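The following dialogue takes up the reading of a structure, feature by feature. Please keep the sequence and the model in view.

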Amino acid sequence: MDEAHPAREFDLDDGATRALDIALETAGAIGDDQCGTEYLLYGVMATAGGDVAELASMFALDPLRIERGIHLLRQHRFSLDHDGPGYPPLSLRAQRALLT
């Protein structure tokens, strides 16, 4: 993990760091200007196993369904504030979620 990686700001285990990596990569690939909680949820569901995966299936949550929701959200709030290399910044809500 490089020094600019956002996971360095938080006390995350390996699984949470992988979920954050997926969230950041997905937000960047989609072209969003921030990595918000919707991307954190996507990262968690993409790496889910055990009880988390079972709970997610009870609520019909899977990465594809979450990604569809992200695209619907983006139709309502699109900007290109982040168009450079690297990860998009974490939204304030996402930062708070990672601290809890």
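**Reading the fold**

Q: Which pattern does the chain follow along the sequence?
A: Read along the sequence, the pattern is α-α-α-α-α. The chain has 5 helices and 0 strands, where helices (H or I, at least four residues) and strands (E, at least two) are DSSP runs, numbered from the N terminus. This is a predicted model, in which local features need pLDDT of at least 70 and side-chain atom pairs count only at pLDDT 80 or more, while totals for chains, interfaces and linings use all residues. Residues are numbered from 1 along each chain as its sequence is written, and side-chain values use heavy atoms, with hydrogens and water left out.

Q: What percentage of the residues in the chain is buried?
A: Buried means under 20% relative accessible area, exposed over 50%, and partly exposed in between (1.4 Å probe, protein chains only). Of the 100 residues in the chain, 34% are buried.

Q: Which residues have the most contacts inside the largest nonpolar core?
A: In soluble globular proteins, nonpolar side chains tend to be buried together. A nonpolar core is a set of buried Ala, Val, Leu, Ile, Met, Phe, Trp, Tyr and Cys residues joined through side-chain atoms within 4.5 Å. The largest one here has 19 residues, and those with the most contacts inside it are Leu 20, Cys 35, Tyr 39, Leu 40, Ile 70, Leu 90 and Leu 98. Two or more residues come from each of helix H1 (14-30), helix H2 (37-46), helix H4 (63-76) and helix H5 (92-99). H1 gives the most, with 6 residues.

Q: Which residues are in contact with Leu 98, leaving aside its neighbours within four places in sequence?
A: Contact means heavy atoms within 4.5 Å. With those neighbours left aside, Leu 98 is in contact with Phe 10, Leu 12, Leu 20, Leu 40 and Leu 90. For the chain, residues 24 or more positions apart account for 62% of the contacts with a separation of 6 or more.

Q: At what angle do H1 and H2 pack?
A: Two packed helices are described by the angle between their axes and the distance between the axes. H1 and H2 pack at about 125°, with their axes 7 Å apart. Axes are lines fitted to C-alpha atoms, for helices over the stretch in contact, and angles run from 0 to 180 degrees between N-to-C directions. H1 and H2 are therefore oblique to each other; angles under 35 degrees count as roughly parallel, over 145 as roughly antiparallel, 65 to 115 as roughly perpendicular and the rest as oblique. Residues making the contact include Ala 19, Leu 20 and Ala 23 of H1, and Tyr 39, Leu 40 and Gly 43 of H2.

Q: What is the phi of Ala 60?
A: Most residues other than glycine have a negative phi. Ala 60 has a positive phi of about 55° although it is not a glycine. Ala 60 lies in the loop between helix H3 (50-58) and H4, and is partly exposed at 34% relative accessibility.

Q: Is Ser 91 buried or exposed?
A: Ser 91 is buried, with a relative accessible area of 10%. Its place is in the loop between H4 and H5. Not counting residues up to four places away in sequence, Ser 91 touches Gln 34, Cys 35, Gly 36 and Thr 37.

Q: How many residues apart in sequence are Ala 97 and Thr 37?
A: Ala 97 and Thr 37 are 60 residues apart in sequence and 7.5 Å apart in space, C-alpha to C-alpha. Ala 97 lies in helix H5 and is partly exposed, with a relative accessible area of 36%.
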